[in-house]
Amino acid sequence: MRRYLAVGLDCYLCLLAVGLLVRSCLDSGGTGRAVALLVAQLIVLSFANQVLLTMVVRASAGKLIMGVRVIRLPDAGRPGFRRLVLRWLYGLLWLPLQPWYRLRCPAPTARTPERPPGCHAEPHEDLAGVRQVRRSDLRLYRAAVAGRTD
């Protein structure tokens with residue numbers, strides 16, 4: 001549940017920041033130009049929050065508030081730039097299509113265990129080899145690993 005709240009906070013904070021910048025976009029002249037500037041600002045802020053901030057502190061703004069950290073699999077290390085960009089693109093391009101995907105490929109029922117052709121059997125978790133964990137769980141994991149090596 002923390003992950004979903006963190007994603008909601010990230011969206012809210014990004015939209016709030018862009019909302020504060022709307023006035024500068026509206027003065028740029030023309031509706032098309034203003035919309036293009038707003039979309040560009042949304043993408044830049046999203047990238048900065050999801051990739052750059054995560055590289056520095058292992059979490060986006062919403063994840064920091066909710067106490068969630070992003071780790072690399074399988075060693076629980078800091079994810080690299082390439083993995084974070086892949087994760088950001090995944091969230092930006094693939095996740096918004098999920099409602100349509102679910103409508104097109106309904107979940108199997110007890111009578112029809114097979115999915116229609118072209119529908120994946122497993123959700124695409126950890127596409128970029130990263131996972132979100134609670135900060136306290138990460139601390140406990142590190143303490144257990146450090147105790148095991150002594």
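Modeller: Helices here are DSSP runs (H or I, at least four residues), strands are DSSP runs too (E, at least two), and both are numbered from the N terminus. Serine 46 is found in helix H3. This is a predicted model: local features need pLDDT of at least 70, side-chain atom pairs count only at pLDDT 80 or more, and totals for chains, interfaces and linings use all residues. Residues are numbered from 1 along each chain as its sequence is written, and side-chain values use heavy atoms, with hydrogens and water left out.

Serine 46 counts as buried because its relative accessibility is 16%. Buried means under 20% relative accessible area, exposed over 50%, and partly exposed in between (1.4 Å probe, protein chains only). Leaving aside neighbours within four places in sequence, serine 46 is in contact with Cys14, Val51 and Trp88. Contact means heavy atoms within 4.5 Å.

In soluble globular proteins, nonpolar side chains tend to be buried together. Leucine 84 touches Val51, Thr54, Met55, Val70 and Pro79, not counting residues up to four places away in sequence.

Met55 is also part of a surface feature. Leu52, Met55, Val56, Val57, Leu64 and Phe81 form a nonpolar patch with about 490 Å² of accessible area together. Its residues have over 30% relative accessible area and no salt bridge, and its nonpolar side chains (Val, Leu, Ile, Met, Phe, Trp, Tyr) are joined within 5 Å. A salt bridge is a side-chain nitrogen of Lys or Arg within 4 Å of a carboxyl oxygen of Asp or Glu. Areas come from the Shrake-Rupley method with a 1.4 Å probe. Helix H3 (residues 31-57) supplies the largest share of the patch, four residues. Valine 56 lies in helix H3 and counts as exposed because its relative accessibility is 61%.

Now back to Val130. Arginine 72, in strand E1 (residues 68-72), is 58 residues from valine 130 in sequence and 4.5 Å away in space, C-alpha to C-alpha. The side chain of arginine 72 reaches the backbone oxygen of arginine 78 at 2.7 Å.

Key
Patches are made of residues with over 30% relative accessible area and no salt bridge: like charges are joined within 9 Å, nonpolar side chains (Val, Leu, Ile, Met, Phe, Trp, Tyr) within 5 Å. A polar contact is a pair of N or O atoms within 3.5 Å; within protein, one must be able to donate a hydrogen and the other to accept it, and residues adjacent in sequence count only if both atoms are side-chain atoms.
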